[in-house]
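Please keep the sequence and the three-dimensional view at hand while reading.

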Amino acid sequence: MQAVAAESGDRGSCMRVDIITLFPEMFTGVLAASILKRAGEKGLAAYHLHQMRDYTTDPHGKVDDRPYGGGAGMVLMCQPVVDAVNAVEKMDLLPSRRVLLSPRGRRLDQKLAKELAREPRLMLVAGHYEGFDERIGQLIKPDEVSIGDYVLSGGELAAMVLLDAVVRLVPGVLGDETSPHSESFSTDELVEGGLEYPHYTRPREYDGLPVPEVLLSGDHAQIARWRRMKAQEITARLRPDLSVRMESPAAK
Ligand code: ADE
């Protein structure tokens, strides 16, 4: 349908992202702001939105129908989805890693985000209505991914969450100073293994609350130790499930 960001000449490092959806307009604001926008401008990601309805052979533009066996809601039909995926696949020689957003999929976490960030091409398929005809999965062989145990009205918001988590991990997107791999105790390792340490900025005191003295000391080793300790404390208090994983590296 449209390319939201210009494609880079350097195909080696540019991730191509195809998004198949009935609501491409939902993506335009998100792709045109912050890190996703910057990745596009730097030529590190190229987003291509495709209207699923453009691929239906139904003269009235129908993409869904009532479920066999009865029940509430409408089901996305095989033809428009499968034809859209096949047509979009052919738009580039790079084979795509296909991701179908669905509440029954593998739960998105930092490990999966890192895995997807290594793909040169992602194809995200977002459905609406009650769900997809079961045969679509057999035909397009996607990874089904969920962003959590709740039901959204469609896969679009989930696709945007996934994209944000993934694209920021593409090398070069965050810049060297904040690269997830530039520090031994990086933000992303913290998120993966547990929660982050607390952050403070100016002023040194606000409404009677001071910034912890150690952060003003200039002693980087001591600051690193303090942050590790605080991260562990916070994780144990707020996410004991992650805390257990941090203590046993084998479980990571
Ligand atoms: N579509 C509807 N709900 C969803 C969820 N929780 N994750 C991914 N896709 C969805």
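A nonpolar core is a set of buried Ala, Val, Leu, Ile, Met, Phe, Trp, Tyr and Cys residues joined through side-chain atoms within 4.5 Å. Buried means under 20% relative accessible area, exposed means over 50%, and partly exposed lies in between (1.4 Å probe, protein chains only). The largest nonpolar core here has 35 residues, and Y47, L124, L162 and L163 have the most contacts inside it.

The model is predicted: local features need pLDDT of at least 70, side-chain atom pairs count only at pLDDT 80 or more, and totals for chains, interfaces and linings use all residues. Residues are numbered from 1 along each chain as its sequence is written, and side-chain values use heavy atoms, with hydrogens and water left out.

**Overall composition**

- The chain holds nine helices and eleven strands; helices (H or I, at least four residues) and strands (E, at least two) are DSSP runs, numbered from the N terminus.
- Of the 252 residues of the chain, 43% count as buried.
- Contact means heavy atoms within 4.5 Å. Among contacts between residues at least 6 apart in sequence, 74% join residues at least 24 apart.

**The nonpolar cores**

- The core of 35 residues receives at least two residues from each of β2 (15-21), α1 (25-31), α2 (34-41), β3 (45-51), β6 (97-107), α4, β7 (121-126) and α6.
- Helix α6 gives the most to this core, with eight residues.
- Leaving aside its neighbours within four places in sequence, L124 is in contact with V17, D18, I19, I20, V99, L101, A159, L162 and L163.
- A second, separate core has 17 residues, among them I20, L22, Y55 and L76.

**Helices α4 and α6**

- The axes of α4 (residues 110-117) and α6 (residues 156-167) come within 8 Å and cross at roughly 70°. Axes are lines fitted to C-alpha atoms, for helices over the stretch in contact, and angles run from 0 to 180 degrees between N-to-C directions.
- The two helices, α4 and α6, are therefore roughly perpendicular to each other; angles under 35 degrees count as roughly parallel, over 145 as roughly antiparallel, 65 to 115 as roughly perpendicular and the rest as oblique.
- On the α4 side, A113, L116 and A117 meet L162, A165 and V166 of α6.
- The residues of this contact of α4 with α6 divide into six nonpolar, no polar and no charged. Ala, Val, Leu, Ile, Met, Phe, Trp, Tyr, Cys and Pro count as nonpolar, Asp, Glu, Lys and Arg as charged, and the others, Gly among them, as polar.

- Strands β2 and β3 pair in the parallel sense over seven bridges; two strands pair if DSSP finds at least two bridges between them. Within this pairing, V17 stands opposite Y47 in β3.
- Q51 counts as buried at 14% relative accessibility. The C-alpha atoms of Q51 and P24, 27 residues apart in sequence, are 6.4 Å apart in space.

**A three-stranded sheet**

- An open sheet of three strands has the order β4-β5-β8, with mixed pairing.
- Its edge strands are β4 (64-65) and β8 (131-132), each of which pairs on one side only.
- Two bridges join β4 to β5 (residues 75-76), and these strands run antiparallel. D64 stands opposite L76 in β5.

**Backbone exceptions**

- Most residues other than glycine have a negative phi, and most peptide bonds are trans.
- A cis peptide bond, with omega about 5°, joins R202 and P203. P203 is placed in the loop between α7 (187-193) and β10 (205-206).
- S34, although not a glycine, has a positive phi of about 55°. S34 is in helix α2 and is exposed, with a relative accessible area of 58%.
- D207, also not a glycine, has a positive phi of about 50°. D207 lies in the loop between β10 and β11 (209-210) and counts as exposed at 73% relative accessibility.
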